[in-house]
Amino acid sequence: MEVHAHTHTPRKKWTHYFWEFLMLFLALTLGFFVENQREHYIENLRAKEHAKNLYKEIYADSINVQQIITNRGVKESECRYFIKYVKDSNLVMLSQRFFPAFTSALIQIQGIMFEPNDGILNQLRNSGELRYFKSSELQSEIGKLSVKIAYVRNRNDKEYSYVEFYNRPFLLKHFDFEWYEEFTKQGSIPLVQSLNQKQETPIPSRLVNADKFNRQEAENVASYYLLMLRSTRQIQYKEYAEANHRLLQLLRKEFQLK
């Protein structure tokens with residue numbers, strides 16, 4: 001007769017399995033929570049770093065656009081002088097101010113064209129990292145600034161085209177480039193510096209082809225250019241400056257930047 005050995009193990013209570021399940025659930029939940037917090041922390045760090053870089057870029061432009069707006073005021077004043085002079089003043093015995101004003105009004109463009117920088121902004125947009133900026137208001141202002149940048153560039157292109165097709169042909173007919181060479185010391189002094197220092201020349205200025213100089217043509221070319229300069233300053237540049245200012249304020253508020 002065979003004898004079978006039976007091993008008897010006590011059956012675990014349901015509470016044992018409940019506590020095992022609870023501990024496993026808590027461990028997984030805690031792990032998920034910690035990982036989520038870590039990702040959130042990293043995203044916040046990235047957002048602040050991107051905000052700092054964007055802030056530096058647009059802060060530099062905020063200073064630049066204000067300086068250019070000021071420079072435009074000077075250029076517009078020289079345009080007005082040129083327009084008033086060619087209406088009825090002596091075109092043979094020119095005033096000492098005439099050719100510097102002529103140069104400033106129709107030649108000088110350095111320091112009066114605002115070219116916005118959006119390298120950081122494009123990098124953030126193209127990489128998808130703008131998503132780190134959670135504020136809908138901040139996202140909206142970034143979008144508005146991008147629109148203003150496009151408006152500025154489009155307006156700049158129109159000004160460059162006008163200079164190319166109207167100012168330049170007029171200058172080639174009547175501008176005294178010999179005087180210009182003396183005025184800038186054969187190019188050794190930047191034009192802006194020569195204008196600011198009111199550089200004197202050993203030779204008097206003269207209108208080339210003075211007998212063919214058309215006062216009405218000169219007035220029209222300079223007057224329409226003045227309208228463009230003023231409109232760009234009062235609309236596109238001013239609106240950009242305002243959008244820039246709003247975005248700087250938001251970045252300071254959101255990320256405690258200085």
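Here are some friendly notes on the salt bridges in this structure.

1. A word on the model: it is predicted, so local features need pLDDT of at least 70 and side-chain atom pairs count only at pLDDT 80 or more, while totals for chains, interfaces and linings use all residues. Residues are numbered from 1 along each chain as its sequence is written, and side-chain values use heavy atoms, leaving out hydrogens and water.

2. Side chains of opposite charge can pair when their charged atoms come close. Searching the whole structure turns up 11 salt bridges (a side-chain nitrogen of Lys or Arg within 4 Å of a carboxyl oxygen of Asp or Glu).

3. Look at glutamate 78 and arginine 97, whose closest N and O atoms are 2.6 Å apart. Glutamate 78 sits in helix H1 (residues 14-88) and arginine 97 in the loop between H1 and helix H2 (98-106), so this bridge ties together parts 19 residues apart in sequence. Helices here are DSSP runs (H or I, at least four residues), numbered from the N terminus. Glutamate 78 is buried at 14% relative accessibility, and arginine 97 is partly exposed at 38%; buried means under 20% relative accessible area, exposed over 50%, and partly exposed in between (1.4 Å probe, protein chains only).

4. Next, find lysine 87 and glutamate 219, bridged at 3.8 Å, N to O. Lysine 87 is in helix H1 and glutamate 219 in helix H7 (residues 215-255), 132 residues apart. Lysine 87 is partly exposed at 46% relative accessibility, whereas glutamate 219 is buried at 18%.

5. Finally, Glu141, Lys144 and Arg246 are joined in a network of salt bridges.

Conventions. Helices (H or I, at least four residues) and strands (E, at least two) are DSSP runs, numbered from the N terminus.
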